Amino acid sequence: RESDHRGWTPVSCTVTRQNATVQGLTEGKAYFFRIAAENIIGMGPFTETTKEIVIRDPITVPDRPEDLEVKAVTKNSVTLTWNPPKYNGGSDITMYVLESRLIGKEKFHRVTKEKMLDRKYTVEGLKEGDTYEYRVSACNIVGQGKPSFCTKPITCKDEIAPPTLDLDFRDKLIVRVGEAFSLTGRYSGKPAPRVIWLKDDIVVKEDDRTKIKTTPTTLCLGILKSVRDDSGKYCVTVENSTGSRKGFCQVNVVDRPSPPVGPVIFDEVHKDHMIVSWKPPLDDGGSEITNYIIEKKDAHKDVWMPVTSATVKTTCKIPKLLEGREYQIRIYAENLYGISDPLLSDEMKAKDRFRVPDAPEQPIIKNVTKDSAVVVWNKPYDGGKPITNYIVEKKETMATRWVKATKDPIFPSTQFKVPDLLEGCQYEFRVSAENEIGIGDPSPPSKPIFARDPIAKPSPPINPEAVDKTKNSVDLSWQPPRHDGNGKIIGYIVEYQKVGDEEWKKANLAADSCPETKYKVTGLTEGLTYKFRVKAVNAAGESEPAYVPDPVEVKDRLEPPELILDANMAREQHVKAGDTLRLSAVIKGVPFPKVSWKKEDHEVSPKADIEVTGVGSKLEIRNTVHEDGGIYSLTVENPAGSKTVSVKVVVLDKPGPPRNLQVSEVRSDSCYLTWMEPEDDGGSVITNYVVERKDVASAQWVAISSSSKKRSHMAKYLIEGTQYLFRVAAENQFGRGPYVETSKPIKAIDPLHPPGPPKNLHHVDVDKTEVSLVWNRPDRDGGAEITGYLVEYQEDGADEWTKFQTVPMLDCVVTGL
């Protein structure tokens, strides 16, 4: 029987030997056996084995252990692991024997005398730098088996390896709410790395739901019953002294969405439909909302009716309502992972809630001009929907058809300037309001208006003042009003009041008798003091008065003359010849001064036009010539005094002719000209001189210099023997003056001089009454051919020379001695 069964199984009942072979046993199972003897009388008692027998092959020593590996090496230790032998020899392994050999030695030595059954051992106390190889043997009850294959030579030194990380999860992970999830992986590195878990850059800590498990080679972060807040970016960092590695996973814990956010807003309510809107859920469950489910319910019934289940908009039209019934709406949000709890609305009655706007009140018309008017109205009730536009219409009072004032929308302003009116026509206006439902009724028509510019009373005149007075009059002056009231100023009313009286008297009865901004009030009493005021008048009436600031005493006044010079009366006035000279000044003084103009203390030229007005004087000379230049003076005089101003007038003209033209150093091909500057330079600097020559036989003058600023010139390139005339003119910026000409022709020839003395005079023969002389030609002939030689003789001791004769040759015989 099997050791764990009670029932016996017969093997054989015909065995006559004292042994038997039991077939059909199962390897590894334990059995009990029993034997009984049998004769013809019957079967005797059984004899049973005392202990169970395990069925196995015959026992030998174990095979060699497998996969001996070095797991860690330091400078003084080596950690080894191995796997058991494939076959233990038929008996359990009782221990392992680990041996080592120092490289360079022959024998292996047992590492420890301990009985090792763990398949991992750390050999300690080694010497840094030594190199060993290791082997391991397995032992059973029979004995020690073959050793494993040796490890590679191992040198004792600290091992360094940067971390490695092999993750079992991807970049993204989607988890349903309530489910568990784990992030696992493997890692390595020497020295052993540190493992850190982060979620959204914050260190993950263990709690009831969060578990972290780290072994020397594996890492794991597990979360039980996940919630939405577990969503985030998870990061695992494996680091040691040689570096670090990171792995990331974006975990999204998904759920059905939260309910839509209320309240449900009834944007539009009508008798047969409503339009509602709501806000999306605060939490979409980590997955995009795929649609909203909208249902409606009659408030008096318990049945919810579907409206739509296929919209992603947060607004919906609820159709097919019965007028007057109250309805309730409920809305669900749905994503891939389920449907939210519902959002319930308040009850709402189906009836028209909006209409077109009411008619505005009668509009008011302002700021009417000849071609425009401003229509102003108040906003009417908008019918429950915002007003989007106003429609302004116009029509002539006698017409029947209303016309839109503009095609453009008018909003939000409640006034509009209507253009393009016809001057003089009478108009009415009305306004309608529009919302998205439609256009409401028009307002009542406005009061009729005529299209013309309005006329108001003008503003008062500006700055009235008393500008002059005599013993019985006062001269007033002012400026027009700033605003004419859109009407033409007809004129002004001037009023005066004797100081002490209350009554104002009109100086002029009608405004049109004073159209100008000045007026002379006459008929006043000498010695009395008066106040004055002025009013502007247009078709609408008189303006408020403007008052002369101070009362005026009526009497003759004396003011000494005063001259206010114009710009043309500066100290020096330059006028170009031929232009017009104008001198003018403003003159003041009471009584008005006597005016006189002088030139160099003499009467001015008769060609001068002199004009004297009540405010000044002007002198004008047309077509000025050089002689019009000089010092002009203006004198004004009255009983209170006199005043004189003067101005130097320079008439800018062409210069006069140069003076004293001389010719010298005449040669056969040149001569030298000199002259003096003109007496009159024309009021401007001489810029250059023009020099010309002319052959006496020719009519044409030829320029030989036109840019010289010097008062001399060498005339070159003359033809020998030709007679020439020369002339010179001066130029300034206003032109060329007259020429000065040489008085007589100049002949181009070299000048003649007496010849030099003959050379080497000596006698060649002497007689008693005559001497024969010879000589050589002189060095210079004086500029002309030698025509002869004059021979003279002197008696020794005498004072005078006696002429003998003139000979043409270079010899002579003097006779008669």
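Tutor: Two strands are said to pair if DSSP finds at least two bridges between them. The model discussed here is a predicted one.

Student: Over how many bridges do strand E15 and E19 pair?

Tutor: Strand E15 covers residues 194–199, and E19 covers residues 232–240. Within this pairing, Trp-197 has Val-236 of E19 as its bridge partner. The two strands run in the antiparallel sense, and the number of bridges between E15 and E19 is six.

Student: Which residue in E20 is the bridge partner of Tyr-234?

Tutor: E19 also pairs with strand E20, residues 243–254, in the antiparallel sense over nine bridges. A hairpin through two residues joins E19 to E20. In E20, the bridge partner of Tyr-234 is Cys-249.

Student: Is Glu-495 buried or exposed?

Tutor: Glu-495 lies in strand E39, which spans residues 491–498. The side chain of Glu-495 makes a polar contact of 2.5 Å with that of Arg-533. The cut-off for a buried residue is under 20% relative accessible area. Because its relative accessibility is 6%, Glu-495 counts as buried.

Student: Which strand supplies the largest share of the lining of the largest pocket?

Tutor: The largest pocket has a volume of about 1,000 Å³ and is lined by 30 residues; Pro-10, Val-11, Ser-12, Arg-34 and Ile-35 lie nearest its centre. Strand E2 (34–38) and strand E3 (43–48) each supply at least two residues of this lining. The largest share is five residues, and the strand supplying them is E2.

Student: What is the strand content of residues 757–817?

Tutor: The unreviewed UniProt entry places the feature "domain: Fibronectin type-III" at several spans, among them 64–159 and 757–817. In the model, residues 64–159 are 0% helix and 41% strand, with their end C-alpha atoms 29 Å apart. The end C-alpha atoms of residues 757–817 lie 24 Å apart. This span is 0% helix, and its strand content is 48%.

Technical notes. Residues are numbered from 1 along each chain as its sequence is written. This is a predicted model: local features need pLDDT of at least 70, side-chain atom pairs count only at pLDDT 80 or more; totals for chains, interfaces and linings use all residues. Side-chain values use heavy atoms; hydrogens and water are left out. UniProt positions are given in the numbering used here, feature names are shortened, and annotations may be inferred rather than shown by experiment. Helices (H or I, at least four residues) and strands (E, at least two) are DSSP runs, numbered from the N terminus. Buried means under 20% relative accessible area, exposed over 50%, partly exposed in between (1.4 Å probe, protein chains only). On a 1 Å grid over the protein atoms alone, a cavity is a set of points where a 1.4 Å probe fits but cannot get out, and a pocket is an open set with protein on both sides within 12 Å along at least five of seven lines; lining residues have an atom within 4 Å of a point. Grid points are joined across faces, edges and corners, and a volume is the space filled by probe spheres set on the points. A polar contact is a pair of N or O atoms within 3.5 Å; within protein, one must be able to donate a hydrogen and the other to accept it, and residues adjacent in sequence count only if both atoms are side-chain atoms.
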